[in-house]
Amino acid sequence: MKRSKLALSYVLLILIGCAALYPALWTLLSSFRVGNSLFSDTFIPRHWTLDHYRDLFRDRADRSIPYATWYWNTLKVATISMVLGTLIQLLTAYAFSRFRFKGRKTMLTVVLILGMFPGFLAITALFVIFNMLNLLDTQWALIIVYSAGAALGMFVAKGFFDTIPRSLEEAAVIDGASHMKIFTSIILPLSRPIVTYISLTTFAGAWVDFIFARMILRTPEKWTLAVGLWNIIDAYNSTEFTLFAAGCVLVAIPITILFMYTQRFLVDGLTAGASKG
Amino acid sequence: MLLLTHAAGIYIVAAQLFPYLEGLMTLGDKGRHFEKKGKISVMVEGDHSIFMMIHGVLAALVVLVFLLIYILNIRDAYRVGLRIQQGKEIHGLKNDVFPWLLLALPFLGVLFFTVMPIIFTSLIAFTNYASPNHIPPKNLVDWVGFATFHKLFNLNVWSNTFFGVLTWTIIWAILATVTCYFGGILVALLVNQKGIKFKGFWRMLFIIPYAIPQFVSLLIMKNMLNEKFGPINAYFRAFGLEGLPWLNDPFWAKFSVVVVNMWIGIPVSMVLVMGILTNISKDLYEAADVDGASAWMKFRNITMPYILFATAPLLITQFTGNINNFNVIFLLTGGNPATMDYNNAGRTDLLVTWLYKLTLDFNQYNIAAAVSILIFLFIATMAILVYTRTKSFKEEDMIQ
């Protein structure tokens with residue numbers, strides 16, 4: 001009885017495992033397959049090739065897929081947003097965690113309520129505003145969108161700062177340290193895990209965003225990977241599928257590695273998010 | 001000196017900003033038009049309503065910030081005066097100013113790119129800013145009060161779409177949340193069973209879908225479900241069955257988005273539930289063993305209540321998240337299959353994807369803004385319900 005139950009569990013686990021892996025594996029294999037069509041009669045390609053990867057970085061007259069440019073754009077936007085966003089978020093969290101100033105409770109509530117407002121519900125307004133300011137189709141607009149609201153996600157960092165004992169700062173104050181000094185030489189070094197967590201999530205967020213990127217960026221040379229890949233499918237209607245698969249693999253690799261690295265923070269971050277928003 | 005700055009400030013507000021505020025009220029009175037100059041008519045640039053609106057909102061924000069600082073100043077001066085009269089010590093500036101210094105940049109960011117768009121959205125919803133007849137600089141935009149909402153609820157062209165999309169949005173949110181939530185619990189329990197080996201390996205394996213960027217996996221899924229060439233239908237054919245129109249038939253498209261969403265959503269719930277399972281005290285199970293409880297009884301009376309209790313807020317955040325689950329719908333089906341019954345929307349469109357299309361593709365800004373406001377009201381109600389019940393906010397000072 002017990003054994004058959006276990007065996008059944010293993011069968012289920014293997015089935016779920018296959019389902020979880022299949023799309024990724026299939027894409028990986030497709031990216032090495034000769035030819036460019038979506039259809040293939042075997043799961044494992046008959047003839048292997050690296051051509052599609054080479055093709056991604058080569059200019060061809062018959063189509064406009066400037067993959068290298070997209071990659072560079074995405075990297076640029078994601079990195080700048082990460083720096084700005086992390087800075088803003090840390091400053092906010094630190095201010096709310098360590099200082100008891102007038103209006104603090106009210107502002108905390110305001111941050112909570114504003115944080116609930118899903119950013120992209122404002123796309124209509126942002127679109128109109130950027131359109132009027134002639135910022136549409138610039139990557140700065142995208143960076144602004146990604147980092148300006150970062151303050152609203154500060155609750156995880158605030159929770160972390162709350163756990164750093166105050167006695168450390170009190171000692172530093174007695175030694176004559178300024179506020180800035182305390183922040184840079186005591187709080188920041190102690191908060192390395194949370195700083196890593198925030199920067200990686202901001203980076204990944206900008207890397208994978210599609211909604212705002214498609215709204216703001218219009219010319220193919222300015223696109224990020226998300227918009228570019230979407231467009232390959234949309235415009236070429238799956239006729240360049242193997243190329244697309246190769247593109248996907250290259251996009252997914254850095255994020256997947258980052259993710260595996262941050263996995264240990266993930267549970268904390270998620271549960272904190274669940275209880276605090 | 002101080003008096004001078006005050007005077008200057010008041011002057012600026014009164015003289016410079018007032019026209020903008022007035023512009024916000026009127027939104028301009030002349031569109032681009034022709035004027036007769038002698039015998040030829042010349043095109044004259046008229047008022048640009050949307051520019052006037054942005055300027056007006058900015059002016060209003062500046063005035064508000066200024067007023068706030070002004071009031072705070074006076075209050076502070078009054079307090080300091082009181083303290084001097086009572087012969088108490090006066091606090092220095094530094095201690096109070098530093099947190100505000102830290103908050104200055106975040107504050108500006110939030111003010112201009114979160115608060116202003118929200119205000120702006122609410123304003124647009126009450127205008128007639130939409131193509132083809134009210135797009136500046138060619139035409140003016142006017143305040144129309146609740147006419148946009150009236151249109152959305154009562155005018156057949158719009159109300160059919162609105163209520164159709166709304167119904168599907170709610171059905172979708174319930175289905176997506178329930179399947180992912182219980183799917184996640186099941187998988188977590190399966191892995192956590194006594195006697196299963198390589199728990200870490202299984203966990204890693206099942207987390208893979210979550211590690212791949214969503215837009216990548218969704219675009220891949222879109223290809224896999226391709227009716228003619230996709231591998232899924234190829235397998236069906238290999239077994240002599242006919243393939244299914246996964247993304248092209250209203251019913252099957254809905255089915256596909258829910259299933260694909262499970263693939264993406266279950267890992268998240270699984271990770272969370274696993275975290276919770278390790279938190280359940282072993283004493284409870286030992287006590288149950290002493291009382292001779294069966295495995296099923298332990299599950300029903302300890303594990304399940306514990307998980308449900310710990311994840312209840314999560315359930316609601318996931319529900320609201322699914323209402324706004326833009327990616328899954330937009331990248332997988334794009335809201336299609338299209339239908340003649342709806343205005344600018346397809347059978348699987350959610351309210352968010354619909355408003356995205358209305359804004360970007362059809363320039364129906366006022367309707368889109370009205371829809372965002374309605375979604376927001378709904379979500380805010382849900383969220384407030386959750387937050388007032390979370391203890392972490394109330395007890396935040398407990399740790400120190």
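Residues are numbered from 1 along each chain as its sequence is written, and chains are lettered from A in the order in which they are written. Because the model is predicted, local features need pLDDT of at least 70 and side-chain atom pairs count only at pLDDT 80 or more, while totals for chains, interfaces and linings use all residues.

**Exercise 1.** Find how many residues of chain B are in contact with chain A, and describe that side of chain B.

*Solution.* Begin with the term itself: two residues are in contact if their C-beta atoms, placed from the backbone, lie within 7 Å. By this rule, 75 residues of chain B are in contact with 74 residues of chain A. Next, ask which element supplies the largest share of the side of chain B that touches chain A: this is helix 3 of chain B (residues 94–124), with 16 residues. Helices here are DSSP runs (H or I, at least four residues), numbered from the N terminus. Finally, sort that side by class, where Ala, Val, Leu, Ile, Met, Phe, Trp, Tyr, Cys and Pro count as nonpolar, Asp, Glu, Lys and Arg as charged, and the others, Gly among them, as polar; the side of chain B that touches chain A then has 53 nonpolar, 19 polar and three charged residues.

**Exercise 2.** State which domains chain A has and how they touch.

*Solution.* The domain assignment, which is automatic or from a database, gives domain 1 (2–56) and domain 2 (67–276) of chain A. Their centres, taken over C-alpha atoms, are separated by 32 Å. Turning to contacts, 13 residues of domain 1 of chain A are in contact with 12 residues of domain 2 of chain A. On the domain 1 side, helix 2 of chain A gives the most, with four residues, and the residues of that side divide into four nonpolar, seven polar and two charged.

**Exercise 3.** Decide whether B:Leu67 is buried or exposed.

*Solution.* First locate the residue: B:Leu67 is found in helix 2 of chain B (residues 49–85). Then recall the cut-offs, by which a residue is buried if 20 or more other C-beta atoms lie within 10 Å of its own, exposed if 12 or fewer, and partly exposed in between, with C-beta atoms placed from the backbone. B:Leu67 counts as exposed because it has 11 C-beta neighbours inside 10 Å.

**Exercise 4.** List the residues that B:Phe215 touches.

*Solution.* Leaving out residues up to four places away in sequence, B:Phe215 touches A:Val208, A:Phe210, A:Ala226 and A:Trp230 from chain A, together with B:Asn327 and B:Leu331 from chain B.

Conventions: Helix = DSSP H or I, 4+ residues; strand = E, 2+ residues; numbered from the N terminus.
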